[in-house]
Amino acid sequence: MKFTVNRATFLKKLKDVQLAVSSRATIPILTGIKLIADSEGIKMTGSNSDISIETLLSVTDEKAGLTIEETGQIVLQPARFFSDIVNKLPDETFTVEVKDGVQTSITSASSAFVINGLDAVNYPHLPEIDTEQSFTLPVNLLKKIIKQTVIAVSTHESRPILTGIHFTIEGGKLKAVATDSHRLSQRVIPIEGTENLSHDLVIPGKSLQELTRLLDESLDEIEVTVAENQILFKTEDTYFYSRLLEGNYPDTNRLIPDNSSTQLTLDANVLLGAVERASLLSHEGKNNVVKLTVKDNSVEITGNSPEVGRVNEQVSFNDLNGEDMEISFNPDYLKAALTTFGPVEITVKLISTLRPFVLVPSEDNDEFIQLITPIRTAS
């Protein structure tokens, strides 16, 4: 194998593929990047037990300036080491040549590296997925859905199914839900072209976070295909595979309350600022708790840490109706939830001191819901 290519263009593709590579892979060859040079161009693959990314640097890409003198394949590892070499090369172009089996030379201007590769035949095959049952999603919308729901994904492996986001497609609508049993985030959107599709799957939250890093603003749409235990996200030149989590996701519909005792409407950023200030004290104390009090037509956020001090803040609001209420919560959960809304007006729905409370945008509030379980405190 021998090819010459523009360093900056190659490096961008290499960094995309590197997202899937773990330095602690249980299979040693998976710490590397697989390169295949053929008549189409350079195909790069990175993989771990959860995700695989394959991308093509095409010979027709003018920026790549790709010349393939000899076809072949090799695995270069560790991936980080190979990436560092390419990143530090002195010239705009460089040449990769495999000699003597797996010995690989990387040359650029007066710089020459020789590293030992691995036989690509031993690299695990990517899953084969039939793309006939695929549908497309706008990239910006997919990234937004992931950002809005991934905050509630569990980080504890004791219940593996909760480490993923539950996606269901039914009746032309996509519903994404995540919960770690302390909070919940749900987004529902209509998706054109899915009226006849029905899917129920759980995608690892970590996989989806890596996917958002791969998708840049230049992409309009992404093609999605679901297989038995895999999902494939496909752009023009890149394939992103993720395994699906096995098991039944809990029924979260029953967790979302139908009614509320108190409704508070205000700007999300106003509440976020107040909670951020209150959490400065709560983080310093033993108990990370902040209190919201609705009383006598006023709204107050309180942070009280016996070891450090106390903070009280009157919060300005747009509308308030219902019963007086006092509720304690983890400020980090509420901050994360508020961040997903951006600078919009939201409605906070309170049921009782010990029942979960809900945050929704004041408009189209059936489409996006954040739910947080309160903390029981000694009165």
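Student: What does Ile-36 touch, leaving out residues up to four places away in sequence?
Tutor: Ile-36 is in contact (heavy atoms within 4.5 Å) with Gly-41, Ile-42, Lys-43, Gly-72 and Gln-73. Keep in mind that this is a predicted model, where local features need pLDDT of at least 70, side-chain atom pairs count only at pLDDT 80 or more, and totals for chains, interfaces and linings use all residues. Residues are numbered from 1 along each chain as its sequence is written, and side-chain values use heavy atoms, with hydrogens and water left out.

Student: Which strand is Ile-36 in?
Tutor: Strand 2, residues 33-37. Strands (E, at least two residues) and helices (H or I, at least four) are DSSP runs, numbered from the N terminus.

Student: Switching topic: at what angle do helix 5 and helix 6 pack?
Tutor: About 155°, with the axes 9 Å apart, for helix 5 (268-282) and helix 6 (331-339). Axes are lines fitted to C-alpha atoms, for helices over the stretch in contact, and angles run from 0 to 180 degrees between N-to-C directions. The two helices are therefore roughly antiparallel (over 145 degrees).

Student: Which residues of helix 6 meet helix 5?
Tutor: Pro-331, Leu-334, Lys-335, Leu-338 and Thr-339. On the helix 5 side, the residues include Leu-271, Leu-272 and Val-275.

Student: Last one: how far apart are the C-alpha centres of domain 1 and domain 3?
Tutor: 50 Å. The domain assignment, automatic or from a database, puts domain 1 at 2-122 and domain 3 at 256-372.

How values were computed
Angles under 35 degrees count as roughly parallel, over 145 as roughly antiparallel, 65 to 115 as roughly perpendicular and the rest as oblique.
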